[in-house]
Amino acid sequence: MSSKRWLQRHQVGVYAIFVLLAVGVGIGRSNSATLFERLIDPILASLLYVTFLEIPFVRLRRAFANGRFVAAALGMNFLVVPIVVWGLTRFLPQRPAILVGALMVLLTPCIDYVITFTELADGNSEQITATTPALMLVQLLLLPAYLWLFMGSEVAEVIEPGPFVEAFLIIIALPLTLAWLTEVWAERSSRGDAWHKTMGWLPVPMMGATLFVVIASQLPRVQSSIAQIAVVVPVYVAFLVVMPILGRLAAGVLQMDAGEGRALVFTSVTRNSLVVLPLALALPAGYRLAPAVVVTQTLVELVGMVTLTRVVPAWLVPDSPKRISLPGLTSRK
């Protein structure tokens, strides 16, 4: 197994090391929180740049042609997920800072490491990448509406559009453009090809660096409120259990092949925690716990991905046509 593949297979262990280091720095050097917070956006942009390089853009036109998958991904994330999230968040304390953090992260589908986890589960990562711009734009438009629907106009009004637009341009559009230009350069130049291959080693280390700066910047601010934040963990775990099953059911109804089905499962369950973090940081002082609630989802989700990258291809969406048993459902691939 190549070192790059080893990193991918053991990425959660790598992330755990970065998380432990971040906790140590956050507790021991709490005066550095402001410095680390300034690094979040550039490191996020770098993470997405190396992530977007993982998928050949020259094949994306073919992926875009699959309107059925794009429609299914949009339907799962913006019709099914909000219903599930509304139900799960009824069990949370009705505190605005806790609720808005949980809603912000659970209502926004992931557009970065979902690609890597889909690949690890032998899913169709090209479909995920092709759907990314649509997922990002729709969540930009619908998040304020969902917050208003679930929490009322007072909370929706504190969501400023500026940070979200800035996040899209700097954290999504710029890395996406640079990744496309890099692939063009790699096709025409040996130096470009060498650069492209070197960047291929970086998604896991960059994800670790992102977790480090996020946790090191936020931990000093919420040390005294850990017990309040922990109440969201059961909700996040329940989401990790419910959404893969619903994604599998949708893939079966649409008669998707194994690669598409796995991709639909992962886009349904992975959330946009790190990219939505700048928006949470821009909330008023009364919502100071919201960023920590967002980051907590990342930590829970990464642990869940260890299980899902094995369960999804082996049991939930297998390659073979053997019978799959789900609660209340029996179907064939």
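How many residues does α12 have, and how far does it reach from its first C-alpha to its last? Okay, let's start there. α12 has 20 residues and reaches 28 Å between those two atoms, close to the 28 Å expected at 1.5 Å a residue. It's also mostly covered, with 17 of its 20 residues buried.

Before I go on, keep in mind that this is a predicted model. Confidence across the protein chain averages a pLDDT of 86, and 90% of the residues score at least 70.

Now the overall picture. We've got 17 helices and two strands in the protein chain. Of its 333 residues, 54% count as buried. If you take contacts between residues at least 6 apart in sequence, 85% of them join residues at least 24 apart. As for the surface, the chain exposes about 14,300 Å², and carbon and sulfur atoms supply 66% of that.

Back to α12, then, and to the aromatics. The structure holds two aromatic pairs. The one I want to show you is Phe-36 with Phe-212: the ring centres are 5.4 Å apart and the planes sit at 90°, so we call it edge-to-face. Phe-36 is in helix α3, residues 33-52, and Phe-212 is in α12, residues 203-222, so this pair ties together parts that are 176 residues apart in sequence. Are these two phenylalanines buried or exposed? Phe-36 comes out at 13% relative accessibility, so it counts as buried. Phe-212 is at 18%, and it counts as buried because the cut-off is under 20%.

Next up, helix α15, residues 258-269. Its twelve residues should span 16 Å at 1.5 Å a residue, and the end C-alpha atoms are 17 Å apart, which agrees. Here's the bit I like: twelve of the twelve residues are buried, so α15 is largely enclosed by the rest of the structure. That list includes Glu-260 and Arg-262, along with Leu-264, Val-265 and Phe-266. What do they pack against? The buried residues of α15 pack against α5, α7, α8, α14 and α17. And at the start of the helix, a side-chain oxygen of Asp-257 comes to within 3.2 Å of the backbone nitrogen of Gly-259.

Last stop, Ala-280, which is found in helix α16, residues 273-281. Its relative accessibility is 1%, so it counts as buried. Which residues does it touch, leaving aside neighbours within four places in sequence? Ala-280 is in contact with Met-104, Ala-290, Pro-291 and Val-294. Ala-290 is ten residues away along the chain, and the two C-alpha atoms are separated by 6.0 Å.

Note on methods: Residues numbered from 1 in each chain as written. Predicted model: local features only at pLDDT ≥ 70, side-chain atom pairs only at ≥ 80, totals over all residues. Heavy atoms only, no water. Phe/Tyr/Trp six-rings, centres within 6.5 Å; stacked < 30°, edge-to-face > 60°. Helix = DSSP H or I, 4+ residues; strand = E, 2+ residues; numbered from the N terminus. Buried < 20%, exposed > 50% of the residue type's maximum accessible area, 1.4 Å probe, protein only. Contact = heavy atoms within 4.5 Å. Expected span 1.5 Å × (residues − 1). Polar contact = N/O pair within 3.5 Å; in protein donor to acceptor, adjacent residues only side chain to side chain. pLDDT = per-residue confidence, 0-100. Areas by Shrake-Rupley, 256 points an atom, 1.4 Å probe, with all protein chains shown as cover.
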